[in-house]
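Dear colleague,

Please find below the structure that I am handing over to you. My notes on it follow directly after.

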Amino acid sequence: AQEGSRDEHGHMAYEWWRSIGSPRTVCAPMVWNSEGAFRRLVRKHGCELAYTPMIKAKEFLRLSTDAERRAAVEPHPMDRPLIVQFASDSPEDFVRAAALVQDWCDAVDLNFGCPQGAAVRDHYGAVLMEEPELCSSIVRRAAGAGLRVPVTCKMRVFEDTERTVAFAADVGGGWLFPTDRAWTHEVQNSSRGRVRLGCDKEGEGGAADTCA
């Protein structure tokens, strides 16, 4: 990730995508599913790019040895290209975690998409989209940190398409890749209120990835 104009971001995003083979079939990050053995299995059936499961950056940083961190990511020569996904609301934690895994992957992803109640409670995932300045600060901190791999962001769509595009642009995105894996979703938390994520009234919409 590097700082620059939106046009520069777009060009760098495209060149990076080409550098990893322009993958069209992607195994998304799935809790309890997209571990190393599963990633290698789906690659045998045509998957061209895979994600690790979401890893909480703060917990990852508590791991004291390289062996423990490797066990969390499970890097393997036959498991590339690979994107490591972290959840974090801290620019410092995200950058430190990204620096530790950058030699094992082709990009690091920041999760703005998880809608679970636990994510609302612990302040990560989709709930952060209600705080675009915080989201932008994390991405921009990573962009200026000298990482050797790009930073991507998984996000949800707002009911207002223009708001979705504006959010992606504000956090520094060069490309926006819509996917079709979301639905109308609400999470309720008494201390933070309701967060409505996902679809428009016709049920269209979903998750998306931005590449910064």
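Throughout these notes, two residues are in contact when they have heavy atoms within 4.5 Å of each other. The model is a predicted one, in which local features need pLDDT of at least 70 and side-chain atom pairs count only at pLDDT 80 or more, while totals for chains, interfaces and linings use all residues. Residues are numbered from 1 along each chain as its sequence is written, and side-chain values use heavy atoms, with hydrogens and water left out.

Arg43 is part of helix H2 (residues 36-43); helices (H or I, at least four residues) and strands (E, at least two) are DSSP runs, numbered from the N terminus. Setting aside residues up to four places away in sequence, Arg43 touches Glu48, Leu49, Ala50, Met78, Asp79, Arg80, Pro81 and Leu82. Its relative accessibility is 14%, so Arg43 counts as buried (under 20% relative accessible area; exposed is over 50% and partly exposed in between, with a 1.4 Å probe and protein chains only).

As to the chain overall, it contains eight helices and 10 strands. Of its 212 residues, 50% are buried. Among contacts with a separation of 6 or more, 71% join residues 24 or more positions apart.

Tyr51 belongs to strand E2 (residues 49-51) and is buried, at a relative accessible area of 6%. Although Tyr51 and Ala107 are 56 residues apart along the chain, their C-alpha atoms are separated by 9.5 Å.

Finally, H5 and H7 pack with their axes 9 Å apart and at an angle of about 40°; axes are lines fitted to C-alpha atoms, for helices over the stretch in contact, and angles run from 0 to 180 degrees between N-to-C directions. The two helices, H5 and H7, are therefore oblique to each other, given that angles under 35 degrees count as roughly parallel, over 145 as roughly antiparallel, 65 to 115 as roughly perpendicular and the rest as oblique. Pro91, Phe94 and Val95 of H5 make the contact with Ser137, Ile138, Arg141 and Ala142 of H7.

With kind regards
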